[in-house]
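Some labels given to parts of a protein model rest on cut-offs.

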Amino acid sequence: MLCGVDEAGRGPLAGAVYAAAVILDPARPIDGLADSKVLSEARREALALEIRERAQAWCIASASVEEIDRLNILQATMLAMTRAVEGLSVRPDLVQIDGNRVPKQLTLPAEAIVKGDARVAAISAASILAKTARDAELIALDARWPGYGFARHKGYPTAEHLAALATLGVLPVHRKTFAPVRQALGLRQGDLF
């Protein structure tokens, strides 16, 4: 029983990092699975519904902005991935993770697969669930803090987001260890926040 794992949101300046774990059901195939980055938003949303309905098991987890700032983004991502696998209702025989690292906290047999989100259907499914969950969070942040453009840029360091940081300031949902946010706070590398 194979479980695919992927993350979403390592590069943005705001919001949690998300991970999903998916065990697909061979008896209920899903057409069109692909790396979430190559799919339109509408197609991702439609596939996310199908994955939730047809997968044998799935779990979405996250690591908070506070955890990202405390641990660093790589370790927070590994934590979110571990939480997603541990949250599955079914125990997989093998965990396949997109990328070149396996979380050290995982107690199950696991392997990293570079570009796995384009090569392994279960990882593609995990990519879609993680991305749609993270996008939903950023849309909610946009409603709470209008003016930052979160619904458009999803927290990435676009010109619009950097301008909002400079004029409107840093929010509690910003990752304070990321350089553009530190700069907006007037901090240098090594300064505590």
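Q: What counts as a helix in this predicted model?
A: A helix is a DSSP run of H or I with at least four residues, numbered from the N terminus. Helix 5 covers residues 121-144, and Glu-137 lies in it.

Q: Why is Glu-137 said to have no salt bridge?
A: A salt bridge needs a side-chain nitrogen of Lys or Arg within 4 Å of a carboxyl oxygen of Asp or Glu. For Glu-137 the nearest side chain of opposite charge is Arg-134, which is 4.2 Å away.

Q: Which residues is Glu-137 in contact with, leaving aside neighbours within four places in sequence?
A: They are Gly-15, Ala-16 and Tyr-18.

Q: What makes helix 3 largely enclosed?
A: Buried means under 20% relative accessible area. Eleven of the 14 residues of helix 3 are buried, so the rest of the structure largely encloses this helix. Among the buried ones are Ile-73, Leu-74, Met-78, Met-81 and Val-85. The cover over them includes strand 1, strand 2, strand 3, helix 2 and strand 4.

Q: How does the span of helix 3 compare with what is expected at 1.5 Å a residue?
A: From first C-alpha to last, helix 3 reaches 20 Å, close to the expected 20 Å.

Q: Why is strand 4 called largely enclosed?
A: Four of its five residues, in the stretch 94-98, are buried, so the rest of the structure largely encloses strand 4.

Q: How do you know that strand 4 pairs with strand 1 and with strand 5?
A: Pairing takes at least two bridges found by DSSP between two strands. Four bridges join strand 1 to strand 4, and these two run parallel. Strand 4 and strand 5 are also parallel and joined by four bridges. Both pairs meet the criterion, so both count as paired. Cys-3 stands opposite Val-95 in strand 4, and Ile-97 stands opposite Ala-112 in strand 5.

Q: What makes a set of residues a nonpolar core, and which residues have the most contacts inside the largest one?
A: Its members are buried residues of listed nonpolar types, joined through side-chain atoms within 4.5 Å. The largest core has 28 residues, and those with the most contacts inside it are Cys-3, Val-5, Val-17, Ala-21, Val-85, Leu-88 and Val-95. Helix 3 gives the largest share, eight residues. Another core, of 19 residues, lies apart from this one and includes Ala-20, Val-22, Leu-33 and Ala-125.

Technical notes. Residues numbered from 1 in each chain as written. Predicted model: local features only at pLDDT ≥ 70, side-chain atom pairs only at ≥ 80, totals over all residues. Heavy atoms only, no water. Buried < 20%, exposed > 50% of the residue type's maximum accessible area, 1.4 Å probe, protein only. Lys, Arg positive; Asp, Glu negative; His and termini not counted. Contact = heavy atoms within 4.5 Å. Expected span 1.5 Å × (residues − 1).
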